[in-house]
Amino acid sequence: ALLFDKDRREAARLLYSWCRHCDDAVDQAPSKEAALRALEDLRTQTRAAFRGERVVDPAFVAFRELCRRYR
């Protein structure tokens, strides 16, 4: 990240936060079924954020902004 300018360094941090959020949502699920439900919810929210639709979770708000800014 030290090789990036300030804006891209912040974007990389936000992207990593989204990745961690998604990974944790599945890894911390109490069962395989809950993990599959979490994965489907993550897919739905990611698609919505990618399309620029309204999302509430801060990880997906940041992801939406990254998609808008960097396409």
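**Exercise 1. Which residue forms a salt bridge with Glu53, and how far apart are the closest N and O atoms?**

Step 1. The partner of Glu53 is Arg51, and their closest N and O atoms lie 2.8 Å apart. A salt bridge here is a side-chain nitrogen of Lys or Arg within 4 Å of a carboxyl oxygen of Asp or Glu.

Step 2. Before going further, note the basis of the values. This is a predicted model, in which local features need pLDDT of at least 70 and side-chain atom pairs count only at pLDDT 80 or more, while totals for chains, interfaces and linings use all residues. Residues are numbered from 1 along each chain as its sequence is written, and side-chain values use heavy atoms, with hydrogens and water left out.

Step 3. Next comes accessibility, where buried means under 20% relative accessible area, exposed means over 50%, and partly exposed is in between (1.4 Å probe, protein chains only). Arg51 has a relative accessible area of 53%, so it is exposed. Glu53, at 35%, is partly exposed.

**Exercise 2. At what angle do the axes of α1 and α2 cross, and which residues make the contact?**

Step 1. Helix α1 covers residues 6-27, and its axis comes within 8 Å of the axis of α2, crossing at roughly 155°. Axes are lines fitted to C-alpha atoms, for helices over the stretch in contact, and angles run from 0 to 180 degrees between N-to-C directions.

Step 2. α1 and α2 are therefore roughly antiparallel to each other. The classes are roughly parallel for angles under 35 degrees, roughly antiparallel over 145, roughly perpendicular from 65 to 115, and oblique for the rest.

Step 3. On the α1 side the contact is made by Trp18, His21, Cys22, Ala25 and Val26, and on the α2 side by Ala35, Ala38, Leu39, Leu42 and Thr46. Contact means heavy atoms within 4.5 Å.

Step 4. The residues of this contact divide into 8 nonpolar, 2 polar and no charged. Ala, Val, Leu, Ile, Met, Phe, Trp, Tyr, Cys and Pro count as nonpolar, Asp, Glu, Lys and Arg as charged, and the others, Gly among them, as polar.

**Exercise 3. Work through the packing of α2 with α3.**

Step 1. Helix α2 (residues 32-50) and helix α3 (residues 58-70) pack at about 40°, and their axes are 8 Å apart. This makes α2 oblique to α3.

Step 2. Leu42, Gln45, Thr46, Ala49 and Phe50 of α2 meet Phe60, Phe63, Arg64 and Cys67 of α3. By class, this contact has 6 nonpolar, 2 polar and 1 charged residues.

**Exercise 4. Is Thr46 buried or exposed?**

Step 1. Thr46 is placed in helix α2.

Step 2. Thr46 counts as buried because its relative accessibility is 17%.

Step 3. Leaving out residues up to four places away in sequence, Thr46 touches Trp18, Phe60 and Phe63.

**Exercise 5. How many helices and strands does the protein have?**

Step 1. The secondary structure comes to 3 helices and 0 strands, in the order α-α-α from the N terminus on.

Step 2. Of the 71 residues, 27% count as buried. The C-alpha atoms fill a box of roughly 40 × 25 × 15 Å along the principal axes.

Technical notes
Helix = DSSP H or I, 4+ residues; strand = E, 2+ residues; numbered from the N terminus.
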